[in-house]
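Hi everyone, thanks for coming.

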Amino acid sequence: MADMFLEKFRALVPEYLDEKWTPEEGYTEAELRELIADSELPDELKARPRLPQVLEEFYLALGRCEEIMEAYHFFFDPDELIVEDGHLLFLEDEEERWVWGVDVDTLDVPDPLIVRRSSNSGMWNDEGATVSEFIFDLLEFSFEEETP
């Protein structure tokens with residue numbers, strides 16, 4: 001499968017951190033597979049060859065880049081991925097009020113729609129965006145907040 005997002009994710013390092021992207025910012029494919037195997041994901045998901053392409057390429061490009069992975073929101077490390085309420089969860093806000101994920105029935109979609117669950121109500125809401133659109137918008141907003 002051709003890369004759809006990898007270069008765009010790599011470009012976030014120079015854009016937001018004023019540094020050159022290096023391979024140390026992300027995981028190798030082998031490391032990513034091993035971390036997923038060590039996660040608490042159900043066996044049927046661990047047996048899948050891939051995460052949705054957008055998430056896989058995000059982890060390959062930026063999975064070790066703490067400045068981006070923890071910019072006001074916390075992207076789960078690959079071994080922390082979990083499934084709750086039929087959704088693969090991969091992101092939460094710093095106050096743990098919201099968690100984001102994708103419906104497990106859409107894991108074969110390269111860039112599925114993202115949904116958000118309130119920790120208070122437990123209700124899921126459609127964000128009206130794909131995972132990539134949401135990630136790019138979230139990081140733009142997060143790093144705009146840091147500029148004086």
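This is a predicted model: local features need pLDDT of at least 70, side-chain atom pairs count only at pLDDT 80 or more; totals for chains, interfaces and linings use all residues.

Residues are numbered from 1 along each chain as its sequence is written, and side-chain values use heavy atoms, with hydrogens and water left out.

Okay, charges. Side chains of opposite charge can pair when their charged atoms come close. I'm calling something a salt bridge if a side-chain nitrogen of Lys or Arg is within 4 Å of a carboxyl oxygen of Asp or Glu. That rule gives us eight salt bridges.

Take Arg64 and Glu31, whose closest N and O atoms are 2.8 Å apart. Arg64 is in the loop between α5 and α6 and Glu31 is in helix α3, so this pair ties together parts 33 residues apart in sequence. The helices and strands here are DSSP runs, numbered from the N terminus: H or I with at least four residues for helices, E with at least two for strands.

Next, Glu84 and Arg117 form a salt bridge, at 2.8 Å from N to O. Glu84 sits in strand β2 and Arg117 in strand β5, so here too the pair ties together parts that are 33 residues apart. Is Arg117 buried or exposed? It's buried, at 13% relative accessible area, whereas Glu84 is partly exposed at 30%. (Buried is under 20%, exposed is over 50%, and partly exposed is in between, with a 1.4 Å probe and protein chains only.) Asp85 joins Glu84 and Arg117 in a salt-bridge network.

On to the rings. How many aromatic pairs does a search of the whole structure find? Seven. Rings of Phe, Tyr and Trp (its six-membered ring) pair if their centres lie within 6.5 Å; planes under 30 degrees apart are stacked, over 60 edge-to-face, and the rest tilted. Phe9 and Phe58 have centres 5.2 Å apart and planes at 80 degrees, so they're edge-to-face. Phe9 is in helix α1 and Phe58 in helix α5, 49 residues apart. Both belong to one aromatic cluster, along with Phe5, Tyr59, Phe75 and Phe136.

Last bit: charges over rings, meaning NZ of Lys or CZ of Arg within 6 Å of the ring centre and within 35 degrees of the ring normal. Arg10 lies over the face of Trp21, 4.2 Å from the ring centre, and Arg116 lies over Trp98 at 4.1 Å.
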